[in-house]
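Student: Please take a close look at one part of this structure. I would then like a connected account that leads from that part to other regions.

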Amino acid sequence: MIIFKNVRIFDGTGAPPFSGVVAVKENRIVAVSPDGAAIAADFAVDAHVIDGEGATLMPGMVDAHAHLTWPSSIERPVREMMMPPEELALTAARNARILLDHGITSAYSAGALSKRLEIYLAQQFQSGGLPGPRFIPSTIEKEPPAGDDNTFNPGQSEHEHQLSGPDEIRAFIKESAEFGAKSVKLLISGESQLRPGTSFELQYTEEELRVAHEQASESGIWLNGHAHAAEAVKLGVRNGFRVLYHCTHADEEALDMLEARKDEIFVAPAIGVIQAMLDFTPPPGMDLSEQKADGQMVLERHRELIPELRRRGVRVLPFGDYGFPFNPHGWQARDLDIFVKQLGFTPTDALVAATKLGGELMDMGDELGMIKPGYLADIVLVKGDVTQDVTLLQDKSNILAVMQDGKFHKEPRTQH
Ligand SMILES: [Zn+2]
């Protein structure tokens, strides 16, 4: 039994924080008591008591759009996306640990630079062999052949990211499920940040995505879509995609369609990488004017789009697209501040999206993402009141403790 006393509890529901006591037994939260009385009476014997000294105790956060194999982290920036497979494996494992260090205890993959690596990583995390988040693993994200070498994922050397026609799509999804991927990502639209103008281009046909949906349902695997163009969003909604990333140019019809499926679908704008691109000062000789212009347009669009999606009850999730040298792993919490300052969230709303809604994304909404009796003990202890200031989460030194599945990844220093 572990008891956290003298903590300010943010329980993930959106209710204001309250001071109290939380008890953890094995891997579950067993009691949450505003005054601590119930816990003192029932559980205090033999408990390991941690005095939180007024810090905030909150659910672990969920990265809704993780790329563990995108190499750069705050500990180790990497200029190229491409690296030898052995180095890639170790780098991805390190990135996973960095997520945990920052209070991200679950991650939903939005694609990898390696076919099977995330499956093996998930096994290591789950068995306790390596520190890492609860993890929904994916495989290489797929788009049709671009007709040149300017590929979406510069880390892919042999056009492994390419997929063409219903038969190949069906085979890819079937095979991915067979080797253990839980989700696959298709690039329904292009990406102007990588190939100017292509965010408006569709990369798959209705027929191809219909087949994808059919096979995904049969194989029991989730579809996730990179979708900027309005028609890309509609293709994704119509064809059973579970998560749609970006959704930048969603029009009225796309919004109506998302709203109609709001209980099944999630939107993750991955806005952090856009802000990072706008903030980045390129070295002499590197011209990012097109990317910056596109980024400015995307951000302005999201300032209107995201509040409207939320008004319609669509679940919008933070984080995503970390792993570039200008947007490294470990910076994820910046998303929360962008959600607050630019996208109309209150700090509490942003935290709910990162925790409770994240639990729903992990398909564990009845046991993950809240501080409630019966819920899994994925818990973060943070210095200060994060419901007043989400930027506190950006500084690792404020993260006093990280517990995952009832075990400390980072143990607090003050104990009695
Ligand atoms: Zn991504």
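Tutor: Asp-321 has a relative accessibility of 9% and therefore counts as buried; the term means under 20% relative accessible area, with exposed meaning over 50% and partly exposed in between, for a 1.4 Å probe and protein chains only. The model is a predicted one, in which local features need pLDDT of at least 70 and side-chain atom pairs count only at pLDDT 80 or more, whereas totals for chains, interfaces and linings use all residues. Residues are numbered from 1 along each chain as its sequence is written, and side-chain values use heavy atoms, with hydrogens and water left out.

Asp-321 is located in the loop between S13 and H10; helices (H or I, at least four residues) and strands (E, at least two residues) are DSSP runs, numbered from the N terminus. Although Asp-321 is not a glycine, its phi is positive, at about 60 degrees. Most residues other than glycine have a negative phi. Another non-glycine residue with a positive phi is His-246, where the value is near 80 degrees. His-246 belongs to strand S11 (residues 243-246) and is buried, because its relative accessibility is 4%.

Five bridges join S9 to strand S10 (residues 222-227) in the parallel sense. Lys-185 has Asn-224 of S10 as its bridge partner, and Leu-187 is opposite His-226 of S10. S10 is largely enclosed by the rest of the structure, because five of its six residues are buried.

Leu-187 also brings Gln-203 into the picture. The side chain of Gln-203 reaches the backbone oxygen of Leu-187 at 3.2 Å, and it makes a polar contact with the side chain of Glu-143 at 3.0 Å. A polar contact is a pair of N or O atoms within 3.5 Å; within protein, one must be able to donate a hydrogen and the other to accept it, and residues adjacent in sequence count only if both atoms are side-chain atoms. Gln-203 sits in the loop between strand S9 (183-187) and helix H5 (206-219), and at 17% relative accessibility it counts as buried. When neighbours within four places in sequence are set aside, the residues in contact with Gln-203 (heavy atoms within 4.5 Å) include Pro-144, Ile-188, Arg-195 and Glu-208.

Helix H11 (residues 347-354) is mostly covered, with six of its eight residues buried: Thr-348, Ala-350, Leu-351, Val-352, Ala-353 and Ala-354.

S6 pairs with strand S7 (residues 104-109) in the parallel sense over four bridges, and Val-62 has Ser-106 of S7 as its bridge partner.

Ser-106, in strand S7, is buried, with a relative accessible area of 1%. The C-alpha atoms of Ser-106 and Gly-369 are separated by 9.4 Å, while the two residues are 263 residues apart along the chain.

Strand S15 (residues 399-404) and strand S16 (residues 407-410) pair in the antiparallel sense over three bridges, with Val-402 opposite Lys-410 of S16. Two residues lie between S15 and S16, and Asp-405 in this turn has a positive phi of about 55 degrees.

Methods:
Pairing = 2+ DSSP bridges.
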